[in-house]
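Hello,

Here is the structure I promised to pass on to you. Have a look at it first, and my notes follow below.

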Amino acid sequence: MNFGNETPAFECRFLDESYFEVLLERFGEAFSGYARPFELDLVKFRNHINLNAIDLNRSVGCFKGRELIGFSLNGFGQWKGKATVYDGGTGVIPAWRRLGASEAMFRFMVPKFKDAGIEQFLLEVITNNTPAVTLYQKLGFEIERELLLMDGPANFDKSTRPNPDVRVRRMTADDLDQLKRLWEARPSWQNSNEAISRCEPLR
């Protein structure tokens, strides 16, 4: 796909499991300096893939020559009763940003997913990531809702005495449906009951 004389020609194609380790490396590069840093090793990256129902065979790589310079990790499932592809991470390594790689990947894959019966494309983006928001709006995405991004300390004070009236136990997939009674809003894709169930065997 050629974007003009001053823009490099990129090749976009679907990937497969053999790209797992190089994707982990590129993921770290692409999201370095991100608002919420990603520190993923092999196990955590596999968990990210399982959590978001990512199918590497339907995820896209953007290549310049033989080098993988960008990627779009795609998860598949149902969202509000519709066949959905979920963006589990789209990134471009710093040296190739703002040259059309992300747009090239979306232009490549969206028509193919539509032809395969996918009804909608879902993604989440931090609102102050202006280049990404601008790109997605250009591609026709619309804002459905805004979510709060919450963070906490990596380590908790182990000296804190637990409340004796509170019992803490590990939940299983069978317990998840009971939580719906407490919902005030639908969780995001990666915090849904389905996502938790997918990752349960890894805990």
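Lys64 sits opposite Glu67 of strand S3, and S3 (residues 67–79) pairs with S2 through five bridges in the antiparallel sense. Two strands count as paired if DSSP finds at least two bridges between them. Strands (E, at least two residues) and helices (H or I, at least four) are DSSP runs, numbered from the N terminus. In the hairpin of S2 and S3, two residues lie between the strands, and Gly65 has a positive phi near 65 degrees.

A note on the source: this is a predicted model, in which local features need pLDDT of at least 70, side-chain atom pairs count only at pLDDT 80 or more, and totals for chains, interfaces and linings use all residues. Residues are numbered from 1 along each chain as its sequence is written, and side-chain values use heavy atoms, with hydrogens and water left out.

S2 (residues 60–64) also pairs with S1 (residues 11–14), again antiparallel, over four bridges; here Glu11 faces Phe63 of S2. S2 is mostly covered, with four of its five residues buried (under 20% relative accessible area, 1.4 Å probe, protein chains only).

Now for the helices. The axes of H1 (residues 20–30) and H2 (residues 42–51) come within 11 Å and cross at roughly 95 degrees, as lines fitted to C-alpha atoms over the stretch in contact, with angles running from 0 to 180 degrees between N-to-C directions. The two helices are therefore roughly perpendicular (65 to 115 degrees). Residues in contact (heavy atoms within 4.5 Å) include Phe20 and Phe27 of H1 and Phe45 and Ile49 of H2.

Enjoy exploring!

Key
Parallel < 35°, antiparallel > 145°, perpendicular 65-115°, else oblique. Buried < 20%, exposed > 50% of the residue type's maximum accessible area, 1.4 Å probe, protein only.
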